[in-house]
Amino acid sequence: MAKITTFEAGYCTHPGCMALKGAGWRICRFPARSWLLEVGERRWLWDTGYASWFEHYTRKGLFQLYRRVTPVNFDPAESMVRQLQAAGLAPGDLNGLILSHFHADHVAGLRDFPDVSFIASGEGWAQTRHLRGFAALRQGFIPGLIPEAFETHLQAMESFTLQPLPAELQPFTEGYVLPDSHGEILLVPLPGHASGHIGAFVQTDSGWTLLASDAAWAPANYQEMRGPSRMANLIMADPAAYYRTLGMLHQLWLGGKVTILLCHEGDL
Ligand SMILES: [Zn+2]
């Protein structure tokens with residue numbers, strides 16, 4: 001069965017109520033998680049969290065605003081390329097780097113993995129690739145973080161085989177099989193948070209896990225159907241779709257058969 005190892009590559013801070021209505025103004029930590037997924041000898045990295053490139057591309061100009069709005073704590077030793085190295089893995093040991101979406105705190109380390117295959121929603125990339133300046137900033141996208149050869153290394157999730165999901169994963173009904181994962185990693189669209197936002201069902205020894213990325217920022221979002229602050233709607237690609245997806249996570253959670261992991265759940 002597939003194995004999931006959790007990493008954190010930096011964190012940002014925000015008032016708790018930004019991520020969860022009614023949580024108050026206490027400043028909370030939101031770690032930027034990355035997951036190493038393994039099936040036999042195959043390995044994929046899910047997102048990169050922060051990396052030194054984030055600091056580099058937000059140092060001056062318009063994108064300075066990004067780091068003012070989300071103050072980031074990051075030590076270069078925490079970059080995923082360094083953490084994998086410490087675990088004995090080089091970028092070339094990865095079969096692919098899967099991107100849940102194109103927000104800067106998920107793709108900041110791409111330049112550390114220049115020759116790795118990237119896997120993402122092709123539709124999401126088509127909606128994101130042309131964004132520049134303020135339009136990019138509003139979508140949390142920093143064009144400089146994307147390596148020049150990104151598109152030549154990109155495999156669109158939509159090109160993978162779509163298959164029905166087991167009944168225990170309802171209300172989710174179909175997913176894209178990650179090639180070479182023996183059907184143990186299935187990619188699913190989780191629309192609303194950002195263009196092309198995706199998650200994955202991973203079959204582990206202890207059952208199915210949903211890597212739900214940023215479909216929620218805290219478990220209370222889907223457990224109590226209590227969304228983030230209205231202010232957060234400003235940065236969402238599609239608030240109505242976000243709440244539909246949150247409703248699906250709620251049903252999945254009620255079913256009690258699947259572990260749900262989020263990229264940023266922290267000390268809220
Ligand atoms: Zn995001």
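Q: Which residues have the most contacts inside the largest nonpolar core?
A: In this predicted model, they are Leu-84, Phe-113 and Phe-201, in a core of 63 residues. Leaving aside neighbours within four places in sequence, Leu-84 is in contact with Phe-7, Leu-36, Leu-45, Leu-89, Leu-94 and Phe-113. There is also a second, separate core of 19 residues, with Trp-44, Phe-160, Ile-185 and Val-202 among them.

Q: What makes the site of the zinc ion irregular?
A: Start with the donors: His-101 (NE2), His-103 (ND1), His-193 (NE2) and Asp-214 (OD) coordinate the zinc ion at 2.1 to 2.3 Å. The angles among these four donor atoms run from 89 to 173°. To count as tetrahedral, four donors need all angles between 85 and 135 degrees.

Q: How are the donors of the zinc ion spaced along the chain?
A: They follow the pattern H-x1-H-x89-H-x20-D. His-193 sits in the loop between β10 (185-189) and β11 (198-204), while Asp-214 sits in the loop between β12 (207-211) and α8 (219-223), so this pair ties together parts that are 21 residues apart in sequence. Both His-193 and Asp-214 are buried.

Q: Why is β12 described as largely enclosed by the rest of the structure?
A: Because four of its five residues are buried. As for its partners, β12 pairs with β11 in the antiparallel sense over five bridges, with Gln-203 standing opposite Trp-208. A hairpin through two residues joins β11 to β12. Strand β13 (residues 258-261) runs parallel to β12 and is joined to it by four bridges; here Thr-209 stands opposite Thr-259.

Q: Why does Trp-53 count as partly exposed?
A: Its relative accessibility is 28%. Buried would mean under 20% and exposed over 50%, so 28% places Trp-53 in between, as partly exposed. Trp-53 is found in helix α2 (residues 52-57).

Q: What makes the pair Trp-53 and Asp-112 a polar contact?
A: Their side chains make this contact at 2.8 Å. The cut-off for N or O atoms is within 3.5 Å, so 2.8 Å meets it. The two residues are 59 residues apart along the chain, and their C-alpha atoms are separated by 8.9 Å. Not counting residues up to four places away in sequence, Trp-53 also touches Ala-108, Gly-109, Arg-111 and Leu-145, among others.

Notes: Residues are numbered from 1 along each chain as its sequence is written. This is a predicted model: local features need pLDDT of at least 70, side-chain atom pairs count only at pLDDT 80 or more; totals for chains, interfaces and linings use all residues. Side-chain values use heavy atoms; hydrogens and water are left out. Donors are N, O and S atoms within 2.8 Å of the metal (3.2 Å for Na, K and Ca); water is not among the atoms, so sites may look incomplete. Four donors count as tetrahedral if all angles lie between 85 and 135 degrees; four count as square planar and six as octahedral if opposite donors are over 155 degrees apart and all others between 65 and 115; anything else is irregular. Buried means under 20% relative accessible area, exposed over 50%, partly exposed in between (1.4 Å probe, protein chains only). Two strands pair if DSSP finds at least two bridges between them. A nonpolar core is a set of buried Ala, Val, Leu, Ile, Met, Phe, Trp, Tyr and Cys residues joined through side-chain atoms within 4.5 Å. Contact means heavy atoms within 4.5 Å. A polar contact is a pair of N or O atoms within 3.5 Å; within protein, one must be able to donate a hydrogen and the other to accept it, and residues adjacent in sequence count only if both atoms are side-chain atoms.
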